Amino acid sequence: MAVYRAPPQLSFPSFTTTTTSFSPRHVSPIMSNQSPKSSTSTSIFTSATKLLWGPSLPPGLLISTARTAWTTVWQLMMTQLAPSDSSGSYTRPTSQFRLNPTQFSSAASSELHLYVGLPCPWAHRTLIVRALKGLNDAVSVSVASPGQDGSWEFKDYNSIPIQDKDKVIPSLDKANRCRNLKEVYKSRTGGYDGRCTVPMLWDSRKKEVICNESYDIIVFFNSGLNEFARNPELDLSPPELKEKIENWNRIVYPKVNNGVYRCGFAQSQEAYDQAVNEIFSTLDEIEENLSGSRYLCGEKLTLADVCLFTTLFRFDPVYNILFKCTKKKLVEYPNLYGYLRDIYQIPGVAATCDLPAIMDGYYKTLFPLNASGIGPAISSSGDQDSLLRPHNRDLVGKVVEAEYAV
Ligand SMILES: N[C@@H](CCC(=O)N[C@@H](CS)C(=O)NCC(=O)O)C(=O)O
């Protein structure tokens, strides 16, 4: 397992805007509407401005000064939040701990523990495959929350009554009792001072990071732990579909999964234009495919669907607004929106989805994109209850066959 030392990059939970911590279970999914700026601080600010510059300040000067200052600070923050190339396109740092599941033969001698954060779409993949394969007992989980200093930290939510025992909720660190994820990474044999990302698969026996790349982890969960799985017969990457899955991954990862980040973190108009056009031309292509196919690769749910799902789930409430993926809303794509509901309704999946935590994670954490910290009201297409409406996707592909049979 190769370990690379990357410069510390702040990619997801790196900026916070308020000092109040937000419990997803105590507020509605529509987010708190409180601005962090109180009327007292506003009036102090107004008085200070008048005192310093007087009422006669030429507005042009104020605006151009503020614009220059803000743009400079914004660029500085964006460099930290989202490393980009010379054209202003976001370049995602590579994961440091990779896993080749075929080479990992010591599952029986390891004690597997998964670190996740609920807002993170990459971590969400691992929770879904863990749930579908019935690995909840074999792989314990700790759920970190975005902390005030931008790192992932552990908070205790045990006092909140939860009806669904499989519902994944923020927690303390159950494997290492650390206060934050950085401490866990640091405690590995040999130490560590690179990016501390979720998801991260940990071996509690050897005190070692097994992997922090989501796709490697879901491949491993799908086929590497069947002796411990409650659903060993479920194969989300059957040999006959492997090529199709890889083809879809080659499109969906850069253009959609990472495409939304390339859109939201773009630092030039050109970079944004390219990313946004690629997202929507790909969604158009998928929409077309889903008119005759229940899932991406046919009638069976595969790893390619899991990867697409976690981005689609966040699309209307987050990416469409915060990341300016605005050409269309997902709800305007009938097949994609039905497909989203179809997967959401598969037993086990909804328990891994937490819209309030997602809203909180994005709108309050990504400071350079949303300095006020205000969360928007979301349309009903984005809320979790509307995803329970019938989808009728089980008929897709079959209607055509029936027509031919007549
Ligand atoms: N390629 C990684 C990406 C993981 C990732 O970027 N996770 C973000 C949260 S969405 C994170 O933990 N960022 C923390 C940081 O960069 O400090 C994967 O697919 O697992």
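This is a predicted model: local features need pLDDT of at least 70, side-chain atom pairs count only at pLDDT 80 or more; totals for chains, interfaces and linings use all residues.
## The chain as a whole

The protein chain has 406 residues, of which 38% are buried, and its secondary structure comes to 12 helices and five strands. When contacts between residues at least 6 apart in sequence are considered, 77% of them join residues that are at least 24 apart.

Strand β4, which covers residues 200-203, pairs with β1 in the antiparallel sense, and four bridges link the two. One of the residues involved is Tyr 115, whose bridge partner in β4 is Met 200.

β4 also pairs in the antiparallel sense with strand β5, residues 208-211, here over three bridges. Asp 203 has Glu 208 of β5 as its bridge partner. β4 and β5 form a hairpin with four residues between the strands, and in this hairpin Lys 207 takes a positive phi near 55 degrees.

Is Thr 94 buried or exposed? Thr 94 counts as exposed because 10 other C-beta atoms lie within 10 Å, and a residue with 12 or fewer such neighbours is classed in that way. Although Thr 94 and Asn 212 are separated by 118 residues in sequence, the distance between them in space is 9.9 Å, taken from C-alpha to C-alpha.

Definitions and conventions. Residues are numbered from 1 along each chain as its sequence is written. A residue is buried if 20 or more other C-beta atoms lie within 10 Å of its own, exposed if 12 or fewer, and partly exposed in between; C-beta atoms are placed from the backbone. Two residues are in contact if their C-beta atoms, placed from the backbone, lie within 7 Å. Two strands pair if DSSP finds at least two bridges between them.
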